[in-house]
Amino acid sequence: MSNQRYMATLGHIARESSDVTRLALFYKEVFGFEEIESPDFGDLKVIWLNLPGVFAMHIIQRNTSTNLPEGPYSATSAVRDPSHLPMGHHICFSVSNFDSFLRSLKEKGIETFQKSLPDGKVKQVFFFDPDGNGLEVASRSES
């Protein structure tokens, strides 16, 4: 067995959607993702996004034959309450100006749930993207 160590980095996150254009627009408007060139997969519609210096997101046209829920909104029992997200599936981003980001969510009419870590040093806001995928944005701790 080899003891060689390696460093893993995040390559991309893939999200399946029945409306790839709507979902891509959300991530571009809320987080500043930029659309990048994506391969032509024929009938399969994809939009590739990049958050410069961070990671890529691949938004893929939903395949209904999988019979999986698209997200919590389309599950058998819809979950639309962001207060459930701290202990559920979500992706977390960090921002340098948390209060400004929070204002932008409110201006967009996005329902949120806010809390802080127990030590109070990191503020958190939880919300859903248009398909019901859980998101967290945390303040960068000032250390």
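User: Where does S139 lie?
Analyst: In this predicted model, S139 belongs to strand 8, which covers residues 134-139.

User: Is S139 buried or exposed?
Analyst: S139 has a relative accessible area of 10%, and a residue under 20% counts as buried, so S139 is buried.

User: Which residues is S139 in contact with, leaving aside its neighbours within four places in sequence?
Analyst: With those neighbours left aside, the contacts of S139 are V95, F98, K121, V122 and K123. As for K123, its backbone nitrogen is 2.8 Å from a polar atom of the S139 side chain.

User: Turning to the rings, how many aromatic pairs are there in the whole structure?
Analyst: The search finds 11 aromatic pairs. One of them joins F26 and Y27 in an edge-to-face arrangement, with 5.2 Å from centre to centre and 85° between the planes. Both F26 and Y27 are buried.

User: What about F101 and F127?
Analyst: Their ring centres are 6.3 Å apart and their planes meet at 40°, so this pair is tilted. F101 is in helix 2 (residues 98-107) and F127 is in strand 7 (residues 123-128), so the pair ties together parts that are 26 residues apart in sequence.

User: Are those two buried or exposed?
Analyst: F101 and F127 are both buried.

User: Which residues do the ring pairs link into a cluster?
Analyst: The cluster linked by ring pairs consists of F26, Y27, F31, F33, F55, F93, F101 and F127.

Terms used:
Residues are numbered from 1 along each chain as its sequence is written. This is a predicted model: local features need pLDDT of at least 70, side-chain atom pairs count only at pLDDT 80 or more; totals for chains, interfaces and linings use all residues. Side-chain values use heavy atoms; hydrogens and water are left out. Rings of Phe, Tyr and Trp (its six-membered ring) pair if their centres lie within 6.5 Å; planes under 30 degrees apart count as stacked, over 60 as edge-to-face and the rest as tilted. Buried means under 20% relative accessible area, exposed over 50%, partly exposed in between (1.4 Å probe, protein chains only). Helices (H or I, at least four residues) and strands (E, at least two) are DSSP runs, numbered from the N terminus. A polar contact is a pair of N or O atoms within 3.5 Å; within protein, one must be able to donate a hydrogen and the other to accept it, and residues adjacent in sequence count only if both atoms are side-chain atoms. Contact means heavy atoms within 4.5 Å.
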